[in-house]
Amino acid sequence: MGPHPAVAAIRLAVRRVLHDVLTDHAPEQSPYEPAPGSRAPSGTRGPATPPLVLVACSGGADSMALASALAFEAPKLGIRAGGITVDHGLQPGSDLRAGEVVLRLTELGLRPAESVTVTVGREGGPEAAARDARYAALDGAAERHGAAAVLLGHTRDDQAETVLLGLARGSGIRSLSGMAAVSGGAGAARRYRRPFLHLDRQTARKACMVQSLPVWDDPHNADPAYTRSRLRHEGLPALEKALGKGVVEALARTAQLSRDDADALDAWAGQAEATVRDAAGLLECAKLHALPPAVRRRILRRAAIDAGAPAGSLFARHIEEVDRLITGWRGQGAINLPGKVVAQRQGGRLVIRQG
C-alpha cells in the first residue's frame, strides 16, 4: 500500500524540483575526471560534492510538509538536505518556537538545521519589512552553506492571494503574474524554488496530519491588522461565495498566463531598447513614441532602475509621468523619481539620471 494521496502529491512535487536542481547544477565533465564506469588515475579529482538543498521552514503546515518531503526524496537522489527557520522576533517566545522548529528539522534528518534571528525594520510596512528581512537571512544562509537551492512552501492559495494583492495595487501585468516557480536571490538567478504552487493549502496540511507532523499556526496569519490575513479570511471567501468555487484555481491560472505575457514583453523591450538609443546612449523620444506602450514603459522603467531608482519604490504612476514626456510633451519640467533620480526631456532626448 502506497503513501496517502496528500503525501504522494507533496513528494512528487519536491522530486520534480530536485531533478531540476540536479540538471541546473550538473558539473561539466572535466578532462581530468573519469568517464562513467572507469577508474580515476592516481592524483586526479574525485566526484563532485553532492549539492545541498535547504528548506525554509516556519513550522507551519506548508513548510513542514515541504521539509518532510525534502527529507524523504533528497537521499534517493544523492542530494544533501538541510533546513533554515527565521526568527523575526515579532512575538513573545519566538526564539523558543524557532528552537522547536530546528529540533523538528533535525528529527527529520535534515543537516544543517539552524535558526537565524533577524531585526525587522519598518520600510514598506510590517509585512514587506518582515519579508525583506526573511529573504536577506535566507540569502545569507544559502551563501554560508553553499546551497544550490532554497525551497519555499508557497501554495496555490498563496498564489491566488498574491494575484489579488497585485490587482488591488493596479501595478500591471507583472504584479498579476504572482510568484514564480523559480526566482533569484542575492547573487543567484535560480536560488528559490516553489514546488507547491500547483497544490492547495489543505493538501499540505493533510500531509502533515497523516504523518503526525506537529505544526505551528502563526497567529499573524489570522490577525486582521495584516492585509494578506484579511484577504485570506474575508476577501477570498467572499469571492467564492459570489462567484462559486474555483476562484483560487482561476487566479493561479491567471498568474501563469500573465507571467508568460510579461516575460514575452520583457524580452521584446530588451531587444527594442538598443534600437531607440542614439550613438551617445541617450533615449530618442521619437523612436520611443513609435513603440507599443507596454514595451516603451518597460524600457523607461529599466532606464530609471539603471539610473538608481529602487525597483521596489518605482510604481506605475512614476512611469506614467515619465511616459508623458514622450507621448504628451507640452514643455513640462523634470520628473522626480525615487532614489533622487530625475527624468527630463532635452533636445528630443530623454535623460534619466541621478539628480
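**Chat about the model**

User: Before we start, what kind of model is this?
Analyst: It's a predicted model. Let's begin with aspartate 158: a polar atom of its side chain lies 2.8 Å from the backbone nitrogen of threonine 155.

User: Where does aspartate 158 sit?
Analyst: It's in helix H5, which covers residues 156-169.

User: Buried or exposed?
Analyst: Aspartate 158 is buried, because its relative accessible area is 7% and the cut-off for buried is under 20%.

User: And what does aspartate 158 touch?
Analyst: Leaving out residues up to four places away in sequence, aspartate 158 touches Asp62, Gly153, Met179, Arg201, Arg228 and Arg232.

User: New topic: at what angle do H8 and H9 pack?
Analyst: Helix H8 (residues 227-243) and helix H9 (residues 247-273) pack at about 105°, and their axes are 9 Å apart. So H8 is roughly perpendicular to H9.

User: Which residues make that contact?
Analyst: From H8 you have Leu236, Leu239, Glu240 and Leu243, and from H9 there are Val247, Val248 and Leu251. Sorted by class, that contact has six nonpolar residues, one charged and no polar ones.

User: Okay, H11 now. What span should it have, and how far apart are its ends?
Analyst: H11 has 14 residues (293-306), so at 1.5 Å a residue it should span 20 Å, and its end C-alpha atoms are 20 Å apart, which agrees.

User: Which residues of H11 are buried?
Analyst: Those are Val295, Arg296, Arg298, Ile299, Leu300, Ala303 and Ala304.

User: And what follows H11?
Analyst: Glycine 308 follows H11, and its phi is positive, near 120°.

Note on methods:
Residues numbered from 1 in each chain as written. Predicted model: local features only at pLDDT ≥ 70, side-chain atom pairs only at ≥ 80, totals over all residues. Heavy atoms only, no water. Helix = DSSP H or I, 4+ residues; strand = E, 2+ residues; numbered from the N terminus. Expected span 1.5 Å × (residues − 1). Buried < 20%, exposed > 50% of the residue type's maximum accessible area, 1.4 Å probe, protein only. Polar contact = N/O pair within 3.5 Å; in protein donor to acceptor, adjacent residues only side chain to side chain. Contact = heavy atoms within 4.5 Å. Axes fitted to C-alpha atoms, helices over the stretch in contact; angles between N-to-C directions. Parallel < 35°, antiparallel > 145°, perpendicular 65-115°, else oblique. Nonpolar A, V, L, I, M, F, W, Y, C, P; charged D, E, K, R; others polar.
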